[in-house]
Amino acid sequence: MVKCQVVMDALERIAPKRLAEDWDNPGLLVGALGQEVHKILVCLDVSDAVVEQAVACGADMIVAHHPLIFKGIRKLRTDLPLGRRLQQLLKHDIAVAAAHTNLDIAEGGVNDVLAQAIGLSKLSAFVIERQEADGSVISMGRVGSLPQPMTVQDFAAQVRDALPAEHVRLVDAGARPVRKVALCSGSGAEFIQRAAFLGADAYVTGDVKYHEAQQAVELGMHVIDAGHFGTEFPVVAVLCKRLAEELEEAKGTVEVLADQSSQDFFQMI
């Protein structure tokens, strides 16, 4: 076993909290830094199914991308979903930590995993959040290139096949081949104009609304909406592997498992 603090230190090396947006809530959300951890379950969301999975496999810590607790809690109602979930976690002494926008932004994090999965290389910053004292840039999303131009239909199929998505939604802006691609995992439709300004042929993100799609067409840029889940879930396996590697040198042993059962809430009928 290792102390929870050791796990949090490892997570900090992977996705430093200083990278997180001001409105975010990463870090240790349930549990104590001094408690012992021998098995960790890595997931995207701390859902009821994930909590049940953690209990069943004997995990005493969950590391998630999306924070279980996001806004202030004024009531702890165990007859409501969040309260019931917290009750189960406390009953079974399961700690919960989250790495959210800090993992989105971090090198090797959610957006880099997405870019690699869909075949992009020569990555650069997309939406620059701020510049560090050493001159390095902190960026939400990435811009990259395909090895050779593709039709948007072929690229959309490539994105769909590379991600845990039954389908993608394609906004076809006309006869424009795709070579330069911008992306932002999760919900990034607010950056459509930025992607077009940078000269992206296509923009990959999730949660795109009707009028945002209309804006993209007017700007002459394709959009591929691969869903919130589809663009983010691939980081789970990568985070699991990186966390295990970081903990290899810890004094004690800890097993790190990846959630493989969660699915997108949206289905095609």
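Into how many nonpolar, polar and charged residues does the lining of the second largest pocket divide? The structure is a predicted model, in which local features need pLDDT of at least 70 and side-chain atom pairs count only at pLDDT 80 or more, while totals for chains, interfaces and linings use all residues. Residues are numbered from 1 along each chain as its sequence is written, and side-chain values use heavy atoms, with hydrogens and water left out.

The lining of the second largest pocket comprises nine nonpolar, three polar and five charged residues (Ala, Val, Leu, Ile, Met, Phe, Trp, Tyr, Cys and Pro being nonpolar, Asp, Glu, Lys and Arg charged, and the others, Gly among them, polar). A pocket here is an open set of points on a 1 Å grid over the protein atoms alone where a 1.4 Å probe fits, with protein on both sides within 12 Å along at least five of seven lines, and its lining residues have an atom within 4 Å of a point. This pocket is lined by 17 residues, and I105, A106, E107, V137 and I138 lie nearest its centre. Because domain 1 (2–103 + 232–257) and domain 2 (107–226) both contribute to the lining, the second largest pocket lies between them, the domain bounds coming from an automatic or database domain assignment.

For the largest pocket, the volume is about 540 Å³, taken as the space filled by probe spheres set on grid points joined across faces, edges and corners. Its lining has 21 residues, with G227, F229, D264, F265 and F266 nearest the centre, and divides into eight nonpolar, seven polar and six charged.
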